[in-house]
Amino acid sequence: MAWPGGFRRGKLVSGFSHHHVVVFLLTFFSYSLLHASRKTFSNVKVSISKQWTPTAFNKSAELPVEVWNANRLFPSAEEATLFLGTLDTIFLFSYAVGLFISGIVGDRLNLRWVLSFGMCSSALVVFVFGTITEWLHFYNKWFYCSLWIINGLLQSTGWPCVVAVMGNWFGKAGRGVIFGLWSACASVGNILGACLASSVLQYGYEYAFLVTASVQFAGGVVVFFGLLVSPEEIGLPGVEGEEAAEEDSHRPLINGAENEDDYDPNYSIQEGSATITQVKAISFSQACCLPGVIPYLVSLIQDKLGWMWVFYFFILMTSCTIVFIFPLVVRELGRLVQRRQARALSE
């Protein structure tokens, strides 16, 4: 069996240094921690619903109605569950909008700054949302919605930044293998979030948010001081330079007769060493106004990217459904089983 050229004689592994390993691990676990905080919210929905709903319907506890109305948001668990679903919808919408904004910001600012800022700020928002409000017994619908919109925008800084950093460090050779391994970060984050939440959930759901936010904030600090955005920061050749050098190494020294007309006797090597002026980037709206951009984009989506986007849409929709709704489904199934058992015993 013949191996691809990128795997022959350990070429793929030998081309990586310890800097590549550090970048791989930092970007992997940074996005995993962002996913862990999202998974924590879905895992503690049942506990949040109980805390937001009065439990004085049993007549054994005679407490004033004002006490429950002052500290509880909803009169029933169904309304609490509906509001939790609304928070999921708000988060996903703000996350989708934030992905576009974060991509633009990441192209103009340092990716390490944007990623660490998003991780630390999102950790603070999660801490306020789940821990501070419970410690202070402060319950407000609009406050929760505002925090979760901000959290969606801050969480969106993760994906564009880590993908850009990975693209700066890993070239075309073996990119499928590298990104195939790296793409497991979302699943690892979900597992990590479930483990962190379940380990302290017995003490209260606020401690699940506290632990997750603390770990994510610490990860943001590590990313700020340890992540290298590109190989050029430490004097290593960039991915584009390596690919250009590899193409030049396979290029013949003497061109055939077909390129003789392109020969310039006055060509000088010193001309290529002149200072290259950096071209200012244009905006997205200006790029769309260029002739032929919109028709080319439409044809590209129809010919090459159409089915890929459809496939990715259904995969993402399924994963979001499992992450956000599955804990509530399990709770409802448990209640259904209990009711059937009680009915069977009464008969």
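1. In which helix does T133 lie? T133 belongs to helix α6, which covers residues 111–135. Helices here are DSSP runs of H or I with at least four residues, strands are runs of E with at least two, and both are numbered from the N terminus. T133 is buried because its relative accessibility is 3%; buried means under 20% relative accessible area, exposed means over 50%, and partly exposed lies in between, with a 1.4 Å probe and protein chains only. Leaving out residues up to four places away in sequence, T133 touches V128, F138, F143 and Y144, where contact means heavy atoms within 4.5 Å.

2. The basis of this note is a predicted model, in which local features need pLDDT of at least 70 and side-chain atom pairs count only at pLDDT 80 or more, while totals for chains, interfaces and linings use all residues. Residues are numbered from 1 along each chain as its sequence is written, and side-chain values use heavy atoms, with hydrogens and water left out.

3. The protein chain has 14 helices and zero strands. Of its 347 residues, 33% count as buried. Among contacts in the chain with a separation of 6 or more, 82% are accounted for by residues 24 or more positions apart.

4. The largest nonpolar core has 52 residues. A nonpolar core is a set of buried Ala, Val, Leu, Ile, Met, Phe, Trp, Tyr and Cys residues joined through side-chain atoms within 4.5 Å. The residues with the most contacts inside this core are F41, I48, W52, L87, F129, Y144 and F209. Y144 touches W52, L73, F83, L87, F129, T133, F138 and Y139, again without residues up to four places away in sequence. As general background, nonpolar side chains tend to be buried together in soluble globular proteins.

5. Helix α2 (residues 18–43) packs against α11 (205–226). The angle between α2 and α11 is about 160° and their axes are 10 Å apart; axes are lines fitted to C-alpha atoms, for helices over the stretch in contact, and angles run from 0 to 180 degrees between N-to-C directions. The two helices are therefore roughly antiparallel, given that angles under 35 degrees count as roughly parallel, over 145 as roughly antiparallel, 65 to 115 as roughly perpendicular and the rest as oblique. The crossing of α2 and α11 is left-handed, a term for a near helix turned anticlockwise from the far one by less than a right angle, with clockwise giving right-handed. On the α2 side, the residues in contact include V22, L26, S30 and F41, and on the α11 side they include A208, F209, T212 and G226. The residues of this contact divide into 11 nonpolar, seven polar and no charged; Ala, Val, Leu, Ile, Met, Phe, Trp, Tyr, Cys and Pro count as nonpolar, Asp, Glu, Lys and Arg as charged, and the others, Gly among them, as polar.

6. α2 also packs against helix α8 (residues 158–169), at an angle of about 165° and with the axes 10 Å apart. α2 and α8 are therefore roughly antiparallel to each other, and α2 passes α8 in a left-handed crossing. Among the residues making the contact are H19, F24 and L34 of α2 and W159, V162 and W169 of α8. By class, the contact of α2 with α8 has nine nonpolar, five polar and no charged residues.

7. Helix α3 (residues 45–52) and helix α5 (residues 77–108) pack at about 130°, with their axes 9 Å apart. This angle makes α3 oblique to α5, and their crossing is right-handed. K45, I48, S49 and W52 of α3 meet A77, A80, T81, F83, L84, L87 and D88 of α5. The residues of this contact comprise seven nonpolar, two polar and two charged.

8. Two residues of the loop between α11 and α12 (239–249) may be compared. E233 is located in this loop and counts as partly exposed because its relative accessibility is 41%. S230 is placed in the loop between α11 and α12 as well, but S230 is buried, with a relative accessible area of 15%. Leaving aside neighbours within four places in sequence, E233 is in contact with N110 and L228, whereas S230 touches N168 and W169.

9. The phi of H137 is near 55°, a positive value in a residue other than glycine. H137 counts as partly exposed, at 46% relative accessibility.
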